[in-house]
Amino acid sequence: MSNSIRLGISGLGTVGAALVKIVESQDAELAERCGRAITITGVNARNKGADRGFSTDNYTWYDDPVALASSDDIDVYVELMGGEGDPALAAVKAALKAGKHVVTANKALLAAHGVELAELAEQAGVLLNYEAAVAGGIPIIKVMRESLTANSVSRVFGILNGTCNYILTRMEDEGMSFDDCLKDAQALGFAEADPTFDIEGNDTAHKLAILTSLAFGTRIAPDAIYLEGITKISIEDIEAARDLGYRIKLLGVATKTSSGVESRVHPALVPLGSAIAEIGGVTNAVSIEAKPVGSLMMSGPGAGGDATASAVAGDICDIAKARPGHQHGPVLGQPVTSLTPHARSAMRSHEGGYFIRLNVLDKPGTMAAIATRMAEQDISLESIVQRRAKGTASSEQAPIILVTHETTEQAIKNALEGVQKDGRLVGEAQMIRIETLG
Ligand code: HSE
């Protein structure tokens, strides 16, 4: 068997430790499948003495990730530290400039600097693989980067954050509070170091930024994504949606429109019984609508050490299998020079159905006033339901749920401003978009 491929790994947290265990326990199988052995030569992490279930003494320890990334003793630099800036950015750049292949699970880094890093990789003729950065164990990058090259994508959407999906699923199934569900997700190792990145939608946006570029051949543009997390979703929303035949999911959606690309992350109602509505717990799913292939969806574990390390190991094996001197495919599916600027489609022109929950004063004429405000904006209603006030809510108040037919975001905003001016609203209106599925 020819010479082994030597890894330098930065970051020995949940994913890094799981990767080391895969490489250590499956050395013979991996060597067989890749045609050469995979060995770890150097490692680096913040805390040398942490208990990780394996001994770092077997490898050369580096305090400095940049020194490891550019070391003569490695062929592939594996970046599992996370974070958009340094040290991850400096180390990945150093590795690419030193002609090392790079494997990373760092979606924040790629969302912010992916184009620049892709350019460096192309110049150096090395691979930059990042399967684990989007949807953990689901091999979606390979599918979009390679298998769908002959397709024209019209929409890519999915559940891209396991923590949010876990929270929404448990809130619905067990009536648990948002905070308790989040604590459980953190204890299980799904959540980001800073969980606000999960619940405010940033983590989904990072992943969607990468998928949008692969889908539409545009430069990665995380700032062009409309962002709303799940922190304002209540049990009342979840129950009302279910009674109307829907389930609430945090979706990342990128659609090609006549005015550009509409990329958005927000909670959305999806019909009960649809494939995406059935994705529960920490599971992720990515759906692609494209021609000529049609619609396809992949689902699987989107977070957790083993699933994510499986994707990282796959990326390493792809590098091990590549023939030396062989030209590698472009990092973002097409050469960086051919990527187009991301033309952003304004969210106010987003078209779709809407779920609106209003807490109103239970007085004669309230329903008529709301219907008038909707009619003024040419909004057609699919249903309007008054629910019984629950728990400690005043009997003078009543929750009203409206579901609209397709309209524009601007029309909904105007109508809700009108309802607010009428003075019958208690608190703020809740508005959740309904995702139209093919
Ligand atoms: N915190 C992420 C999630 C992990 O919950 O999906 C993978 O990015």
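Mentor: A salt bridge is a side-chain nitrogen of Lys or Arg within 4 Å of a carboxyl oxygen of Asp or Glu. The model is predicted: local features need pLDDT of at least 70, side-chain atom pairs count only at pLDDT 80 or more, and totals for chains, interfaces and linings use all residues. Residues are numbered from 1 along each chain as its sequence is written, while side-chain values use heavy atoms, with hydrogens and water left out.

Trainee: How many salt bridges does the structure hold?

Mentor: Arg-264 forms a salt bridge with Glu-435, and Arg-357 forms one with Asp-237. For the structure, the number of salt bridges is 20.

Trainee: Are Arg-357 and Asp-237 buried or exposed?

Mentor: Buried means under 20% relative accessible area, exposed over 50%, and partly exposed in between (1.4 Å probe, protein chains only). By that rule, both Arg-357 and Asp-237 are buried.

Trainee: Which residues do salt bridges that share partners join into one network?

Mentor: Arg-264 pairs with Glu-262, their closest N and O atoms being 2.6 Å apart. Arg-264 also pairs with Glu-435, at 2.9 Å between the closest N and O atoms. Since Arg-264 lies in strand 10 (residues 260-271) and Glu-435 in the segment after strand 17 (430-434), this pair ties together parts 171 residues apart in sequence. The network formed through shared partners consists of Arg-155, Glu-262, Arg-264, Glu-289 and Glu-435.

Trainee: What word describes how helix 1 and helix 12 lie to each other?

Mentor: Helix 1 (residues 14-25) and helix 12 (residues 305-321) pack with axes 8 Å apart, at an angle of about 60 degrees. Axes are lines fitted to C-alpha atoms, for helices over the stretch in contact, and angles run from 0 to 180 degrees between N-to-C directions. Angles under 35 degrees count as roughly parallel, over 145 as roughly antiparallel, 65 to 115 as roughly perpendicular and the rest as oblique. Helix 1 and helix 12 are therefore oblique.

Trainee: Which residues of helix 11 make the contact with helix 7?

Mentor: Helix 7 (residues 162-174) and helix 11 pack at about 70 degrees, their axes 10 Å apart. That makes the two helices roughly perpendicular. On the side of helix 7, the contact (heavy atoms within 4.5 Å) is made by Leu-168, Met-171 and Glu-172. From helix 11 come Ile-235, Ile-238 and Arg-242.

Trainee: What does Thr-255 count as at 17% relative accessibility?

Mentor: Thr-255 sits in strand 9 (residues 246-257). Beyond its neighbours within four places in sequence, Thr-255 is in contact with residues including Arg-155, Glu-262 and Arg-264. At 17% relative accessibility, Thr-255 counts as buried.

Trainee: How far apart in space are Arg-388 and Gly-294, C-alpha to C-alpha?

Mentor: Arg-388 is in the loop between strand 14 (381-386) and strand 15 (397-404). With 75% relative accessibility, Arg-388 counts as exposed. Arg-388 and Gly-294 are 94 residues apart in sequence, and their C-alpha separation in space is 44 Å.

Methods. Helices (H or I, at least four residues) and strands (E, at least two) are DSSP runs, numbered from the N terminus.
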